Amino acid sequence: MKSFKKVTLFAGAALLLAGLAACGNGGSKESKGESSGSKSDTTTLLMYQIGDKPENYDELMEIANKRIKEEINAEIDLQYIGWGDWDQKMSTIIASGENYDIAFASNYVTNAQKGAYADITELAPEYAKEAYEQLDEDYIKGNKVDGKLYAFPVNANIYSQQVLTFNKQYLDKHNLSIDGIESYADAEKVLKEFHEKEPNIAAFAIGQNFKVSGNYDYPLGKDLPFAIKLDDSDNPKVINQYEDKELMDSLKVMRGWYENKLIPVDAATNTTGFPLEGNTWFMREETQGPLDYGDTVLTNAAGQELVSKPITKPYRTTATAQMANFVVSNVSKNKEKSVEFLGLLNSDPELLNGLVWGVEGEAWEKVGDDRIKLLDGYKPNMHMAAWNTGNNMLLYTQDTLDEALVKERDEKIANSLTSPTLGFNFKTDKVKTEVTNISNVMSRYKDSLNTGSVDPDEYVAKMVKDLEKAGWNKVQEEMQTQLDDFLKESK
């Protein structure tokens, strides 16, 4: 549930979100040397996570590590890296060959193809059997790279869609209506009305990592200019989404908002964002799926009522399947134990709920086999996120959650749309240089274009010329060829 990421992204069957993060160095450590499998040796696994470190991190990890040690004779050294630093720091860690065990996946497909991540195709069913068997088959399909599995995905929102989320305190305060909003353009009226009344509050709270959304799948991620229109399911083509009318229209909307001060003036450089629980914003973009139970998860995470309006369709895509992946480093000396821990995290309700809901007895208490009541100690920064921690189907549900919402969740999962390209992962072997060059070009344009900081008519044209020089056409042709082959094999 992070609006600066594609937000993107995604939450879970319990009710909350938050990040995980803080940085750290060092490699895989063991309190008594290499794990020999005997009870006298406890393996310490170094794990990197993205997001913001919970304020009660020490207490959460003390409780968690006690459980982990009891179950698999291991402990976790969990180190956080913030959203703004994540890509650069993980890239450095991977490139340097630094020794670590587990991490939230960074550029999953590319790094898997480079050999940065361990192949867990056989390890996952053996060392994480129970958790592996609970995964929707689309998670496995969407995460296989060249026929092999390199990630253990968090079982959460198997489909997702982008939503515009509104801070209800301001809707109520100024009697504003969001009826009929189905696109960015539809939200302009209420944004202007709000800005007139509260000019010092961010009308559309976005920052550097924001990417304009549409009904696309992204074979190389949302940062790069390669997309497949999900509405063209009969004949999928690889396009530059920035040249597509749907996205260009949205970029023009962003430009108008920026010029009218509906978007923060420093959006293209802002890496800190706007806290979900604060009153510093009116509208933001979030990613939601069936296990968010409408706005229940967002509201709990924020500690205040939020309401959302969808702007994209609910699709099962490769990107969604890869939304929250955990990988084992290929340099790890503890591959089996790492997979065993991921299996435990995704199959042990006691361990997972203690991390995601916070300290039992302080933040929550059980009121049934799988129901909990939130206590006064439940605070936004006093637990870990549901969407990027573990199997959301194991999470206890709040006592205030209507059973009808659970039924609606299952119906939405059953009726969700599936991208025709689910499971397509582009092999970059033949175009590695071009992909790197294209990435460098995008680093100069994407932030300013997506935040409306520059005129899209002028800058998209410039970007396209630079992309052509960087080898975009060569990459597109290779990607289309692989996509066509994938679609033939899938029939």
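**Salt bridges and a helix pair**

Visitor: Which residue does Arg444 form a salt bridge with?

Guide: Arg444 pairs with Asp466, and their closest N and O atoms are 3.2 Å apart. A salt bridge here is a side-chain nitrogen of Lys or Arg within 4 Å of a carboxyl oxygen of Asp or Glu. This is a predicted model, in which local features need pLDDT of at least 70 and side-chain atom pairs count only at pLDDT 80 or more, while totals for chains, interfaces and linings use all residues. Residues are numbered from 1 along each chain as its sequence is written, and side-chain values use heavy atoms, with hydrogens and water left out.

Visitor: Where do Arg444 and Asp466 lie?

Guide: Arg444 lies in helix H15 (residues 432–450) and Asp466 in helix H16, so the pair ties together parts that are 22 residues apart in sequence. Helices (H or I, at least four residues) are DSSP runs, numbered from the N terminus.

Visitor: Is Arg444 buried or exposed?

Guide: Arg444 is exposed, at 52% relative accessible area. The classes are buried under 20%, exposed over 50% and partly exposed in between, with a 1.4 Å probe and protein chains only.

Visitor: What does Lys252 meet in a salt bridge?

Guide: Its partner is Asp457, at 3.7 Å from N to O. Lys252 belongs to helix H9 (residues 245–259) and Asp457 to helix H16 (residues 456–470), so this pair ties together parts that are 205 residues apart in sequence. Lys252 is partly exposed at 40%, and Asp457 is partly exposed at 46%.

Visitor: How many salt bridges does the structure hold?

Guide: The structure holds 26. One of them joins Asp172 to Lys168, with the closest N and O atoms 2.9 Å apart. These two residues are four apart in helix H7 (residues 168–173), which means that about one helical turn separates them.

Visitor: Changing topic, at what angle do H1 and H13 pack?

Guide: Helix H1 (residues 57–72) and helix H13 (residues 349–356) pack at about 170°, with their axes 10 Å apart. Axes are lines fitted to C-alpha atoms over the stretch in contact, and angles run from 0 to 180 degrees between N-to-C directions. The two helices are therefore roughly antiparallel, a term for angles over 145 degrees.

Visitor: Which residues make the contact?

Guide: H1 contributes Leu60, Ala64, Arg67 and Ile68, and H13 contributes Glu350, Leu351, Gly354 and Leu355; contact means heavy atoms within 4.5 Å.

Visitor: Which residues are linked with Arg67 in a network of salt bridges?

Guide: Arg67 is linked in such a network with Glu71, Asp348 and Glu350.

Methods. Parallel < 35°, antiparallel > 145°, perpendicular 65-115°, else oblique.
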